Amino acid sequence: VGSSTAIWGINAQQQIYQRNSANTGWTNIPGALAQIAVGSDGDVWGINAQSNIYHYSASAGTFNQVTGQLAHITVGSAGTVYGLNSQGALYWYNPGLAAFVYIAGTIGLTQVSVGPGGDVWAVGAGGAYHYNMLTGNMDLTSSVITQVAEGYGASVFGLDASGNIYQWSATSATWVQLAGNLSSISAGAGGAVWGVNSAHQ
């Protein structure tokens, strides 16, 4: 889900579906994807079972292949598209080059999350990292965060291995623990935050 009008899914056969504008059903879109990601502005990207990258053309109604291979992709909006390859190296899609560009020094990352404004967070064996656009470095912010969700601005949340919940404080540059326990968490562009606990609630 990118927004209330940008809802996409894939089924067990890797067929692609888009929620129709009336929000009453699903429309099959040609192609096959193993993963799909949607930005807040409706920009849609995907990866197939062979790790090939595809970008959806709304005008043509088709997914077009983009050079390169990724194991994971995330979209904040058009121009803020990031992905990880099989070695956990971080790549950014450069619209001017029409190609994914390696972000130097990144390897071994397991998750990446990007907000619509282009703020990038990632998780690796060392903990949670924040991409510093001024220096081009991934700065380690915590050694205990194992999952991160970037919504927008101050809406950055994380979980540790025990499911404890944290929110990033830009003011103090620290993770502040919140009440509760979750197994997964997601943050939206408007600041909404949802999670699921170990009991699937």
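Here are a few worked exercises on the predicted model shown above.

Before you start: residues are numbered from 1 along each chain as its sequence is written, and side-chain values use heavy atoms, with hydrogens and water left out. Since the model is predicted, local features need pLDDT of at least 70 and side-chain atom pairs count only at pLDDT 80 or more, while totals for chains, interfaces and linings use all residues.

**Exercise 1. The overall build**

Work out how many helices and strands the chain has, and what share of its residues is buried.

Step 1: The tally is zero helices and 21 strands. Helices (H or I, at least four residues) and strands (E, at least two) are DSSP runs, numbered from the N terminus.

Step 2: Of the 201 residues, 44% are buried. Buried means under 20% relative accessible area, exposed over 50%, and partly exposed in between (1.4 Å probe, protein chains only).

Step 3: The C-alpha trace spans about 45 × 40 × 25 Å along its principal axes.

**Exercise 2. The sheet of β1, β2 and β3**

Find the strand order and the edge strands.

Step 1: The order is β1-β2-β3, in an open sheet with antiparallel pairing. Two strands pair if DSSP finds at least two bridges between them.

Step 2: β1 (8–10) and β3 (26–32) are the edge strands, each pairing on one side only.

Step 3: Look at the loop between β1 and β2, where you'll find Gln 14. Gln 14 isn't a glycine, yet its phi is positive, about 65°. Most residues other than glycine have a negative phi. With 28% relative accessibility, Gln 14 counts as partly exposed.

**Exercise 3. The sheet of β4 to β7**

Step 1: Four strands make an open antiparallel sheet, in the order β4-β5-β6-β7.

**Exercise 4. The largest pocket**

Say which element gives the most residues to the lining of the largest pocket.

Step 1: The largest pocket holds about 660 Å³ of space. On a 1 Å grid over the protein atoms alone, a pocket is an open set of points where a 1.4 Å probe fits, with protein on both sides within 12 Å along at least five of seven lines; lining residues have an atom within 4 Å of a point. The volume is the space filled by probe spheres set on the points, which are joined across faces, edges and corners.

Step 2: 29 residues line this pocket, and Val 1, Val 38, Thr 74, Ser 186 and Ala 187 are the closest to its centre.

Step 3: β8 gives the most to the lining, with five residues.
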